[in-house]
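Dear colleague,

I am passing on the model that we discussed, and below it you will find my notes on what came out of it. Please read them with the structure open beside you.

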Amino acid sequence: MIDPKLLKLNFTPQNLTTEQKFKLDNLGFIILPNIINSAWRQELRQAFENIMSSEGEHAGQETGQMAGVRRLSDLVNKGAVFDPIYIHPLLLACVAHVLKQPFKLYSLNGHDPLPSQGQQILHSDGGKFVGPPMQHQMVNSMWMLDDFTPNNGATRVVPGSHLEFRDVREQVEDPLASHPEQVLLCAPAGSVGIFNGSVWHSCTQNNSSKKRRALHCAFVLRQLEQQTDQSTHLKPETEKRLSPLSRYILDV
Ligand SMILES: O=C(O)CCC(=O)C(=O)O
């Protein structure tokens, strides 16, 4: 269901294919190729590096730093180059398909596991809110600024785990270990992986010497809390350039 408010804001819904809907419903994830063209990707990579060097040891602080990972937070307020991400029509169509109710941005962050680091425990982002069914609470997306390969720390997901309805910690003895059913989201730079927030997933260790930069653009049901409260973080220069659609998605 597309939120009627989105339609009033001139959002043009994009139709998902039967296969895309099937994958989102049953596997809990899809990969969309060729979403970020190479010129935009270059700008996003440059912005990633500029913010990282200007924020230094404070980078990622707004939502949480992580040892062994270069993290960035609150990218909504860190450059117009990020603006098209959270209103991308195909992304919003996928989010609407999964959540089935009005939604808003949860956060827009950056994540780059350093060489020999980055392994995370299997976890889910959804399911932490009391009330709505856990498989319809959150959607995350992984904007790949570099190739995601089997050895550079690609995100792992356990297909169908959003339908488990039980906490991953009750199901998996060692959440750091490789899961027998996990698959890696490997795809060329410029692709976007979209997954139900309740799918068990994590970053894996970067066993290469290369960067694996991704932007995480996550959405949550409108009545739930944002990770980054966009109203309190909103900078005047961001506000000036927001369209009514962007304002609605950010809930500002
Ligand atoms: O970037 C990734 O591969 C996944 C990161 C993640 O799941 C997290 O930081 O919670």
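**The sheet and its surroundings**

Serine 141 stands opposite cysteine 217 in strand E9, and in strand E7 the bridge partner of serine 141 is isoleucine 194. Before going further, please note that this is a predicted model, in which local features need pLDDT of at least 70 and side-chain atom pairs count only at pLDDT 80 or more, whereas totals for chains, interfaces and linings use all residues. Residues are numbered from 1 along each chain as its sequence is written.

Helices (H or I, at least four residues) and strands (E, at least two) are DSSP runs, numbered from the N terminus, and two strands are taken to pair if DSSP finds at least two bridges between them. On that basis there is an open sheet of 6 strands, antiparallel in its pairing, with the order E1-E7-E4-E9-E3-E2. Its edge strands are E1 (29–32) and E2 (69–72), each of which pairs on one side only, and the twist from one strand to the next averages 20° (axes are lines fitted to C-alpha atoms, for helices over the stretch in contact, and angles run from 0 to 180 degrees between N-to-C directions).

Taking the pairs in turn, E4 (residues 138–144) and E7 (residues 192–196) are antiparallel over 5 bridges, while E4 and E9 are antiparallel over 7 bridges. E3 and E9 are joined by 8 bridges and also run antiparallel; here phenylalanine 103 stands opposite leucine 221 in E9, and lysine 104 stands opposite valine 220 in E9. E2 and E3 are antiparallel too, with 4 bridges, and arginine 71 stands opposite histidine 111 in E3.

A residue counts as buried if 20 or more other C-beta atoms lie within 10 Å of its own, as exposed if 12 or fewer do, and as partly exposed in between, with C-beta atoms placed from the backbone. E3 is largely enclosed by the rest of the structure, because 11 of its 11 residues are buried, and E9 is likewise largely enclosed, since 8 of its 8 residues are buried.

Helix H4 (residues 89–99) lies across E1, E3 (103–113), E4, E7 and E9 (214–221), and runs at about 155° to E4. Leaving aside its neighbours within four places in sequence, isoleucine 194 is in contact (C-beta atoms, placed from the backbone, within 7 Å) with Phe29, Ile30, Leu32, Leu91, Cys94, Val139 and Ser141.

A nonpolar core is here a set of buried Ala, Val, Leu, Ile, Met, Phe, Trp, Tyr and Cys residues joined through C-beta atoms within 7 Å. The largest has 53 residues, of which Val95, Leu108, Val139, Trp143, Ile194, Leu215 and Phe219 touch the most other members. The elements that give two or more residues to this core include H4, E3, E4, E7 and E9.

Finally, the ligand is surrounded by His111, Gln120, Thr155, His201, Ser202, Cys203 and Ala214, a residue being near a molecule if its C-beta atom, placed from the backbone, lies within 6 Å of it.

With kind regards

Definitions and conventions
Two residues are in contact if their C-beta atoms, placed from the backbone, lie within 7 Å.
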